[in-house]
Amino acid sequence: MLSLFQTHAHDFLTGFGWTIASSVLALIGSLILGTVFALMEVVPNKAANIIGRIYIEVLRNIPLLVITMFFYVVIANVVKISGFAAGTLGLTLYTSAFIAETVRAGINAVPNGQLEGALSNGLSWWQGMRYVVLPQAFKLVIPPLGNQFINLIKNSSVLAFVAGMDLMYQANMISQETFDTFGPFIIVAIFYLILTMPMSYYMRYLENKLNKEG
Amino acid sequence: MSMIEFKDVEKYYGDFHALKDINLDVEAGETVVLLGPSGSGKSTLIRTVNGLEPVQEGQLIVNGQDLANPQTDMNRTRKNVGMVFQHFNLYANKTVLENIMLAPRLVLKRDEAENKKIAMELLERVGLADKADKMPSTLSGGQQQRIAIARSLAMKPKALLFDEPTSALDPEMVNDVLKIMREIAADSSMTMLVVTHEMGFAKQVADRVIFMADGQILEDSPTEEFFANPKEPRARQFLSQIIH
Ligand SMILES: Nc1ncnc2c1ncn2[C@@H]1O[C@H](COP(=O)(O)OP(=O)(O)O)[C@@H](O)[C@H]1O
Ligand SMILES: [Mg+2]
């Protein structure tokens, strides 16, 4: 296995790089989108509530692979889009629905008096959210958000299906080339663990800390 | 000049008729105390005055704006009408000083140095200047409520609403808060609408007393008259229960 890694180090590391790139982009994108749609669900505006609800329900209940294929096959017919871009977009939208649910739960967990205090003080609804409610909501949902991010990293393996250059894609390629159906997957599993284990530990540490504080 | 004027106001929570045919006129500078048994609609009424609760019928003119009209920009009213809550509602993610400075900075665009100066003066006034950098959760209820009052005053409002500001406090904290409220009431330009069970405060500070029950205003009398000789049987019964 060590020799397999040595002969294909460049491929594995390239895959590792694309997996990290896709995960980071999707993490930032899904955090922004997820927050926007969480706000759409709680803003005092019926039309926005409905749009937010539909977005979340639809994306949450379609397999990630289907969303990704939609970008790779359907959208690629209209605009030129690489496998990496299609996969990362699919991953972003899919994850954003879960993050929206998480952030909304956090917003609902902040006592109503916080927003009422802000409104009575003259702040607009948006200002109250931005400066008072959201900072508290995010703090409350750090543990579940961390789990979403760990899922996101694992789900980035969907890029392999659309030639996204990622770890899983490299493992497939190397496996076909060397007829080794075992080694390449063990090696990429280790790479995934290198990314997810520290996050997992950090989350557990944070949860313990928050529990003690709470 | 009227600061707060209810004209034939009706308020519903779904099917529940919470405020019935409310007519009430509070002049600028007046201090009015709202009394009544629990569940009579005092919180509901006071919360309609800054648009935290919408009303469905009638007119509710606050500082010249009709809050019963859905087109009205509530934010404009809220800039001029502060509110102090039973449970303080200080921003849990901000220090004491930031609690006071946030709204003037965002809403009034007050210059930062000026903002800090005013905030510190207010903290001085409520006797808590040494707590400026503390988080609200580390303070006692009485201290939090004094800071909540300072936060409202920082906006230089024309009117202040108080919804049972001392009901959640330990007895020994109550007087510190009432003392500050008395000082505010002494400022002849401030309009105050206060829900409280502190009868001593009401007698001493209120210009008028409103008595509510079942979502209705049953009595609206000058303070001395109300306490000496309440007209309504239910007001009489309420007073005898509170005092004994
Ligand atoms: N958000 C609400 N939804 C439904 N009913 C409510 C709501 N808030 C208050 N009520 C009802 O309205 C009535 C008046 O309540 P409230 O204004 O809080 O009375 P008070 O402050 O005098 O105790 C009560 O019967 C209460 O149950
Ligand atoms: Mg009440």
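In what order do the elements of chain A run from the N terminus on? They go α-α-α-α-α-α-α-α-α-α, which comes to ten helices and zero strands. Helices here are DSSP runs of H or I with at least four residues, strands are runs of E with at least two, and both are numbered from the N terminus.

A quick word on the basis, everyone: this is a predicted model, where local features need pLDDT of at least 70, side-chain atom pairs count only at pLDDT 80 or more, and totals for chains, interfaces and linings use all residues. Side-chain values use heavy atoms, leaving out hydrogens and water, while residues are numbered from 1 along each chain as its sequence is written, with chains lettered from A and ligands numbered from 1 in the order in which they are written.

Back to chain A. Its C-alpha atoms fill a box of roughly 70 × 50 × 25 Å along the principal axes. Of its 214 residues, 48% are buried, meaning under 20% relative accessible area with a 1.4 Å probe, protein chains only. Take the contacts (heavy atoms within 4.5 Å) between residues at least 6 apart in sequence: 74% of them join residues at least 24 apart.

Now let's move to ligand 1. Which helix of chain B gives the largest share of its shell? That is helix 1, residues 42-48, with three residues. Residues around the ligand (a heavy atom within 4 Å) include Tyr13(B), Phe16(B) and Lys42(B). For polar contacts, pairs of N or O atoms within 3.5 Å, a polar side-chain atom of Thr44(B) sits 2.5 Å from a ligand oxygen.

Notes. Buried means under 20% relative accessible area, exposed over 50%, partly exposed in between (1.4 Å probe, protein chains only). A polar contact is a pair of N or O atoms within 3.5 Å; within protein, one must be able to donate a hydrogen and the other to accept it, and residues adjacent in sequence count only if both atoms are side-chain atoms.
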